[in-house]
Amino acid sequence: MRRSRLSWWPGLALAAALAWPGTLPAQYEAPPTPAAYALQGVTVVNADGSRLAGVNVVVRRGLIEAMGLDVVIPPDARVLEGDSLFVYPGIVDAQGSADYEFPEIEVDRSGIASWDPPRHVQSFMPHRKVVDYVTQTGPGLEEERQKGLVAAAVHPEGRLMPGRGTVLIFRKGPAVPEELVVRPVLGPTLSFRGAQGVYPSTLFAVIAFYRQTFEDARHHGAQVAAYGRDPEGLNAPAWDPDLDVMRELMGGESAFFAVDYGRDIQRVLGLAEEYGFVPVIVGGDEAWKVADELKARGTPVLVSLDFPEPERWKPDEDKPDEAEPTEPKPGNGNGEDEMDAAAQREKQRLEDIYSNAGRLSAAGVPIALTSGGGQADILEGARKAIEYGLSEEAALAAITATPASLLGLPGLSRIEQSRAATFIVTDGPLFDEETTIRYTFIEGALEVGKKARGTGEAPAVNVTGTWEMSIDSDMGSMSAKMVLTQEGAEFAGTMQSDFGESKIKDGVVSGNDISFTLVFAMGGESMELEFTGTAEGDKASGSSDGPFGSISWTAKRSGPGEEIER
C-alpha cells in the first residue's frame, strides 16, 4: 500500500461530508491543486548568503510568478502559514542515492584465468549507465523532499569502474523514472579498489591497469580513425564502448574518482595530468592534506558527510568543565591508561575528518557537501562541519550552488522571479539545530515537511483520556472523538469520526505544546495528517495546514482514556 503524507484531509472530508453524507465518493481520491501558493513576509536567503527580509512570494504554474516587498497576494492563492519563515535554495546532493538495479551477471569462476578475467568480473564496465536501470519514481522520494533535497547525482557502486552516473530532480508526481532525469549521463566513477580474486587486485596493479587501458583506448581510436579514412586492406575495428569512454576521458571529460587518502588523491591528479581527464574527488577525507595541489588545479571535492563515530574517544567527557575543574581522568575517560594513546589518535583522526571541509574551503578548493551516497543527513553533517571550522556561508554554497554548478544545473539554486519555483522554506536559519523544513517546492509542486515535534520541554499536561473534538474549516465543520494514552512525553491513540476509526501516532507533549499524526484510509490508500496545538487542563486547540483554507480544531476531555497498544 503506497503511503503519502497529505495535509488536505479535513477540508476535503468536510466538503465530501457536506455534499454526500456517508461513504466518501471515489472521485475524491486526490485533492485539487490550488491555483497558486503564496508566502508572506518571508526572508529570502540566496546561495551566496545575501538576503532580503519581508518578501512576498507567489508560485503559479511551476514558476515564481512574483517576488518582492510590495507584491500583492492574489485572492486565488493558498497562503502557506508560518511565522518568521525563511526561503533558501533547495539542497542538491552531488553524491546521493535513488533506486536503480544493474543486472546481475552470473559467473563461473572455475573457468576464469585470474590474470585474464572478463571485464564484468573485474568490475570494469564504464559504458554502463545508471540512467538505463533507474527504477525510482517521484512518490518514493517523499522523505528526501521533506529533508529539503531537490536533486541528486546518483553514481554507480562497485570496484574499479562500475559505470556512469546520472542526475535526478526529485519531482513529486512522476511515476515513470525517466521523468525524473535532468542530466542523463555523468562522467564515469573510478576508484583504486581492485577486483576480487583476479587482476587487477592491488593498488599497484590497478594503476597499471588504468594506464594500459588508456593506451589501449588511444590505439583503438587510431584504428577507428584509420579505417574511417581508408578501409582498404583493413578489417573493421570492433565496437568497444568501454574504450570509447576512456577516449572521452582523454578528451577532457570529468571522472568522479572515489578516494580518501591524500597520497591517493595525488595519484589521481597525476593520472589526470598524464591522460587529460578532469578529476572530481569523491569522499576525500584527507583532501585537506593536499589542498594546495587541489586549488592549483581547480579540482573540486565532493566531501562526504558520512562521518565515522568515535569508538575510544568520548567527546563529551573530553570537554573541560569550566564550572567545576577536576583532576584529569586517566585514559581520557576510557577507564584504562593504555587506552589513552589510542583515544588521542582517534580524536585527532576524527577531528581532521570533521574539519576537512572547513580547511578546503579556507584554502580556496571548490567543495560540495554530500550524503555519501545517501548514508548521512546533509544538514546534520553540515552542522558538524560548521562546528569544526566551515563558515555558514560556505556551507550554504556547498549544498546548493556549488553542487548544482558541478552537475551542470546552475539555475537550480537561483531564487528569482520567472524561474522554476524550486526552493525550501524553513522556520528559522537553515543551520540552527531547532530549525525544521516546513515546505519544499520543486518546480512549483509542494511537499509539506515534517514539523518539529515540540521544543524538548518537560510535559506540563497529561493528555490521557477521551476527548470530544471539533474540526472547522472554510468548508464546514465535523465532529470526532479521540482516545489518548500518554507515557512520559509521548502519546498515541485513536480517532473516531464519520469516516471510521483512524490511528493517532507520534504524539509528543512539550510544555503545553502538543503535536500528533493522524493516519487514515482514503481511496484505498494510507494517508497522514499532522496536527499541532496546545493543551491546558481538559481543553486543547490547534490547527493544521490545508489547501482549502484555514483549518482549526478544538477538543474537550470528557472522560478517562482506555489502554491501547502502541
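How many nonpolar, polar and charged residues are in the lining of the second largest cavity? The tour comes back to this after the model itself.

This is a predicted model, where local features need pLDDT of at least 70, side-chain atom pairs count only at pLDDT 80 or more, and totals for chains, interfaces and linings use all residues. Residues are numbered from 1 along each chain as its sequence is written, and side-chain values use heavy atoms, with hydrogens and water left out.

Colour the chain by pLDDT (the predictor's confidence in each residue, from 0 to 100). Its mean is 87, and 86% of the residues reach 70 or more. Select residues 322-338: the pLDDT there is below 50, and this stretch has 18 contacts in the model beyond near neighbours in sequence (heavy atoms within 4.5 Å).

Next, select Val463, Trp467, Met482, Leu484, Phe491, Ile514, Phe516, Ala540 and Trp553, which line the second largest cavity. On a 1 Å grid over the protein atoms alone, a cavity is a set of points where a 1.4 Å probe fits but cannot get out, and lining residues have an atom within 4 Å of a point. The volume of this cavity is about 60 Å³, meaning the space filled by probe spheres set on the points, which are joined across faces, edges and corners. Its lining has nine nonpolar, no polar and no charged residues; Ala, Val, Leu, Ile, Met, Phe, Trp, Tyr, Cys and Pro count as nonpolar, Asp, Glu, Lys and Arg as charged, and the others, Gly among them, as polar.

Key. 1 Å grid on protein atoms, 1.4 Å probe; cavity = no way out; pocket = protein on both sides within 12 Å on 5 of 7 lines; lining within 4 Å.
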